[in-house]
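Hi,

Here is the structure I promised to send over.

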Amino acid sequence: MTAQSSFVIAPLAQPQLPVAGTSQTFPVRRIWCVGRNYLEHIRELGNDERQPPFFFAKHADMIAQDGATIPYPPLTKDLHHEAELVVALKSGGSNLDPATALDHVYGYAAGIDLTRRDLQMASRKKEQPWEIGKSFDQSAPCGTIKPASEIGHPSKARIWLSVNGTIRQDGNIDQMIWNVAEIIAKLSQQVSVGAGDLIMTGTPAGVAAINKGDTLECNIDGVGTVKVTIS
Ligand code: MN
């Protein structure tokens, strides 16, 4: 006789990411993203540079693993890459002090905020939510997490993204308008943050369209890499 499950449907598998130097994994709770955190990117999209950055979200099961092949998503004709530093939290709280916010960081990874730009722009124009542009299957490729206990808390590091080997984005995380500690503190005013949360910290300039067959690789010096192919 098989045991009766207390769930009416099978519970979902825990989304997770590999951690460098161990066979253990990092369980993902929430994925928050920062919009407009690099000045040159705000300018390239024609947005108001006096407005502060802000947050939007993707779902935990929208993670794509390093090496994944991702089907070109539906409804869009303008899929864009956004290279981003990803912060992984081991603890959290509300109304955190920026001076101690980094104590909540487990580690860092390279990530790509895949964006259906045409749908994002259309929703922005209609003052509708951004989900259709930002939140879709496998829209959050993320690489192996490097623990802060090994690499510290990077505040200056080259971040770049290549498409089929050609560099498209090339910036430095020291160009962020809100740094990592400020991002965690700001987000914790809006919602409680906690262990398992990932924060994608915004993208430098150079975002552009990608096509079926393209291979994207995001690298951050001292942090890591993530590579995916669009099919
Ligand atoms: Mn982004």
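This is a predicted model: local features need pLDDT of at least 70, side-chain atom pairs count only at pLDDT 80 or more; totals for chains, interfaces and linings use all residues.

Glu49 is partly exposed, with a relative accessible area of 40%; by the cut-offs used here, buried means under 20% relative accessible area, exposed over 50%, and partly exposed in between (1.4 Å probe, protein chains only). Its salt-bridge partner is Arg43, with the closest N and O atoms 3.0 Å apart. Arg43 also counts as partly exposed, at 41%. A salt bridge here is a side-chain nitrogen of Lys or Arg within 4 Å of a carboxyl oxygen of Asp or Glu, and by that rule the count comes to ten.

Residues are numbered from 1 along each chain as its sequence is written, and side-chain values use heavy atoms, with hydrogens and water left out.

Now to the metal. The manganese ion is coordinated by Glu82 (OE), Glu84 (OE) and Asp113 (OD), at 2.0 to 2.2 Å. Donors are N, O and S atoms within 2.8 Å of the metal (3.2 Å for Na, K and Ca), and since water is not among the atoms, sites may look incomplete. In sequence the donor residues follow the spacing E-x1-E-x28-D. Glu84 sits in strand β8 (residues 83-89) and Asp113 in the loop between β9 (105-112) and β10 (115-116), so this pair links distant parts of the chain, 29 residues apart. (Helices, H or I with at least four residues, and strands, E with at least two, are DSSP runs numbered from the N terminus.) Glu84 is buried at 0% relative accessibility, and Asp113 is buried at 0% too.

Arg117 lies in helix α2 (residues 117-125) and Glu82 in the loop between β7 (79-80) and β8, so the pair ties together parts 35 residues apart in sequence. Both ends are buried: Arg117 at 3% and Glu82 at 4%.

Glu82 also forms a salt bridge with Lys134, with the closest N and O atoms 3.2 Å apart. Because Lys134 lies in helix α3 (residues 131-134), this pair ties together parts that are 52 residues apart in sequence. Lys134 is buried as well, at 2%. Salt bridges that share partners join Lys58, Glu82, Asp113, Arg117 and Lys134 into one network.

Cheers
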